Amino acid sequence: MRRHVFACLMGIGILALRLPSFGAELLVPSQYPSIQAAIDAAVDDDTVIVSPGTYTGYGNRDIDFKGKAIIVRSIDTNDPNVVAATIIDCQQQGRGFYLNGCVDATISGLTITNGLADSGGGIYIQDSNVTLSNCRIAHNATKAGVIHLDPNGGYGGGLYCARSTVEISQCSLSNNRTGHGGDGEYIGGKGGCGGAVGCVGSSVIIRTSEIRENLTGAGGLNDFAYGGVRASAGNGAGICCDETSCLEISDCNILGNSVNIDYEDSSGRGGGIYCASVLPLKVINCEVSDNKAGTSGGGGIFCRSAEIYNSTISNNSTSDGSDDSGMVSAGDGGSGGGIYCAESLELLDCTISYNYTGSGGGSGYLATWGGHGGDGGGVWAESIITRECIFSGNTTGYGGCGGGNGSGGCGSDGRGGGVFCDFGKFTDCIITNNQGGSGGGVFCSIKGELIHCDVKSNSTWYKLNHGGGIYCTEGTIIDCTLMENRTGKGGHGGGLYSTSCILTDSVILSNRTGDGWFDGFYGGPSGSGGGIYSESCVITNCLITGNMTGNCLWDVREEQSNGGGLYGEALVISNSTIIGNITGEYNWYENQRYVSRKGKGGGVFCSEEIEIVDSIIWNNQPDGLYSINSNSVSYCDIQDVNYLGGVGNISFDPQFIRPGYWADVNDVNIVVEPNDPNAIWVMGDYHLSQIAAGQASDSPCVDTGSDLAVNLGMDRFTTRTDKVSDTGIVDMGFHYIEHIADLNDDKIVDIYDLSILAYQWQQSPSTPPADIAPWPGDGIIDFRDLVLLAENWLWPE
C-alpha cells in the first residue's frame, strides 16, 4: 500500500503537536467594536471571542490575521445554535477571513456567509498552518473570469488554501460556488475549481464534516463571437486539490455537489472530490453520494490514485455526451459514475451502488456517428485492488446514434456496469445487479482476477455486448459463483466472456446469452456460451449447471446458440461437473422452408482442441459435448456413446444427492421443459451418493478417476455429504470446498472455528457441532477434536 511522503506526514505532525492557548481573551463586541479591531490588538496565543450576532461591514469582512498565532471563536463552539447565530456576513463585498504567514491559527464556531472574492470566497489561506472547527461556511462564491485579465473562474468558493497545512473538523460547507470562465475571442476561460474547498500545494485533512450542494462554474465560450464550444467547467464541486497537494478525508459526508452542467460540452471532473495529487487520496469511513460530474468523468470522485476504506459511494453520475451540431461525431458520456481513478485504486470494505455514467450524444446527420456511453458505472480505474466490497445497481450509459435512427452509426454502450479497469483484483466481493455494455458486472480490458466473489444478476444492454457477468481479456476466477447473469441480444458469454481464462473451484449457474436480434434493417444471431465463452480456458473443479443460450427465430444463415454451458476454441477441463445446460433454437432456411435447429454442445462446445478428464457431463440438451476431437476425453462419466472409447470413460447415472431441474418460475414444484418461457433452473445438490456418508449406494463416479486425489490437489475437498475429504483414487466430478474442521462453513479453518470449539469444550456438541474426532464424533468436545482442527489450521491453504 502506498504511503504519504514526508511532506504530507510533516503537515499531519504539525497539527498533532499543537499546544493549547493560555493567552488573553478579547471580547467582541463588548470590548472591541469589530473582529478586525480585536485581532489588531491581539498577540500570539490570545483568543478573540465573538458573541452571537450578525457582523457586517468594514472590520468584519476581509478579516486579516496578520500572521498571528491566535484563535477566533464563538462563545460556545460546540453549540450549533450559537454557531448558527454568530454570523460573519460579507454581503458579497469581500471574503470572511484572510490568513497569510500564520504559524498556528484557529477559527472555530462561526458562520461565514455571502463572501465573494477572486479566490477563497469565504476564507483565503496562504503559507499558514490553520485549524477550522465547528464552522458553517455557506453561500460564498468566487468571481467569474474576465477576458484579457484572468479568464478562469476563481478557485475555492468556500475556502482556498495555498502552500498551507489545514485541518477542517466538524464543519459544514454548503451552497458555495466558483465563478464561470470568461468568454474568449479565441479561448474561453475554465470554470473555477473547488466549489467548497480548493487547495494548491497544501496538506489538507478533513474530519467529521459535511460538504453539501456546492457548485463549480461553467467554462467560458471559445471563439464566443461565432458561438464556439465551451471550455471545461470547474473540477471538484465539493473539493479540488492540485497535483502538489495531500488530501485525507475521514468520517465525512460529501453530498449533492455538482460541476456546472447547465451547458453542453460540460467536461468538469469530480462532482464530489477532484484530487490530481501524485500522492494517493485517502477517504475513510465517508459517504459520497448524489454528486454529479461532466463528461470528463468521476461523478463522485475523480483522482489520480486513491485508498478508500469503509465508505459508501452511491447515486453519483456523469453527464451525457453532447449532441452533434455538425458533420463530426457526437460527444461521449462521462466515465466513472461513482469513481474515476486514472492510475491505481485500492478499495476495502466499501459499498459502490446505484451510480451511473452518461450516454453518448446523438446526431441528426446521416454521415455522423453517435457518441460512446461512459465506461465504469460504479468505478473506472486503470488498476484496481478491492477486498470485501459490494458493487450493486450501477449502470453505464447507452451509445448514441447518428442520423436520427442510427443510420449514421451508433457509438458503443458504456462498458463495465459495475467496474471498468485495465487490471483488476477482486477478493471477497459481491458484484450484483449491475448493467452496462460488455461486462455487465466487471470489464477488465487486459487482466482480471476474482477470488471468493459472488457475481450475480448482472446484465448487458440491448445487443452485441458480451460478458453478462464478467468480461476479461485474460481472466482468473477462483472460488467464485457466477449466477443468473445475462447478455443482451447477440451477446456471448452469459456469465463470463474472455480471450483466455483460468477457472478454479467455481460455480457457473443459471446464466444465459441473449436471443438473436433484428432492428428492421439488419439482423444477427443469438449468443453462444450460456455460462462461459472463451477462446482458451483451463477449468478445474467447477460446477457448470443450468446455463442456456438464446434463441433466434429468423434466418441469419449462420450457426449460433452453441455451448449451453461452455463455448471455447481450446479447452482443458478436469474434475468438473457439467449438468443441466441447454442450447437455444434457431431457424435455418433450407429447401424452401424454415427448419428449426438446436445449437450444438448443450454442455460443452469446442471448435478446436479439447482435453477433459475426471469429469461428469450429464443431462445436457441436445447433447453433452460437441468437439472435433473425441480422443482426448478420459476418465469421465459422460452421457454420450460417442466418447465411450476414451480411457476410463463410463456412462452411468452419477447418482447425485439431488439433481437440479427446470421448473415453473411461479411454482418450483412444477417441472417444465427448458424452453418453456417460465422455466428457471432449480439448483441441485451434486455431492455423490456414498454408503460411507450415509446413503444407500455408491455412485459409479467414486474412486474411478485418473490418479490419486492427493496428486491432483483434490484431497483438500469432498464429494461426500459428511464433508470427509476425498482420499485414494480421485472421485469424478466437482468437489465441494468443505471440511469437517470448518465448523462455520466459511471455507477456511480459522479462529472462528476455534472459538466454536472452545465454547463447546468438555460438553456435548451443540450447533454447529464441534464433535469432529474421531469421525463421525464421540459425543464430547475434547483434545481429539482440537488436534484435528489444529492439523487442518488455515485449510484449504
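This is a predicted model: local features need pLDDT of at least 70, side-chain atom pairs count only at pLDDT 80 or more; totals for chains, interfaces and linings use all residues.

Biologist: What is the volume of the largest pocket, and which residues are closest to its centre?

Modeller: The volume of the largest pocket is about 800 Å³. It is lined by 32 residues, and closest to its centre are His452, Asp479, Ile737, Asp746 and Lys747. The lining divides into 16 nonpolar, four polar and twelve charged residues.

Biologist: With which residue does Lys747 form a salt bridge?

Modeller: A salt bridge needs a side-chain nitrogen of Lys or Arg within 4 Å of a carboxyl oxygen of Asp or Glu. Lys747 pairs with Asp479, and their closest N and O atoms are 2.8 Å apart.

Biologist: Is Asp479 buried or exposed?

Modeller: Buried means under 20% relative accessible area. Asp479 has 9%, so it counts as buried. Lys747 has 38%, so it is partly exposed.

Biologist: What does the salt bridge between Arg720 and Asp722 look like?

Modeller: Their side chains meet at 2.7 Å, N to O. Arg720 is buried at 16%, and Asp722 is buried at 14%.

Biologist: Which residues make the nonpolar surface patch?

Modeller: Ile751, Tyr752, Trp793 and Leu794 make a patch of about 410 Å². Of these, Trp793 lies in the segment after helix H6 and is partly exposed, with a relative accessible area of 37%.

Technical notes. Residues are numbered from 1 along each chain as its sequence is written. Side-chain values use heavy atoms; hydrogens and water are left out. On a 1 Å grid over the protein atoms alone, a cavity is a set of points where a 1.4 Å probe fits but cannot get out, and a pocket is an open set with protein on both sides within 12 Å along at least five of seven lines; lining residues have an atom within 4 Å of a point. Grid points are joined across faces, edges and corners, and a volume is the space filled by probe spheres set on the points. Ala, Val, Leu, Ile, Met, Phe, Trp, Tyr, Cys and Pro count as nonpolar, Asp, Glu, Lys and Arg as charged, and the others, Gly among them, as polar. Patches are made of residues with over 30% relative accessible area and no salt bridge: like charges are joined within 9 Å, nonpolar side chains (Val, Leu, Ile, Met, Phe, Trp, Tyr) within 5 Å. Accessible areas come from the Shrake-Rupley method with a 1.4 Å probe; for residues, only the protein chains shown count as cover. Helices (H or I, at least four residues) and strands (E, at least two) are DSSP runs, numbered from the N terminus. Buried means under 20% relative accessible area, exposed over 50%, partly exposed in between (1.4 Å probe, protein chains only).
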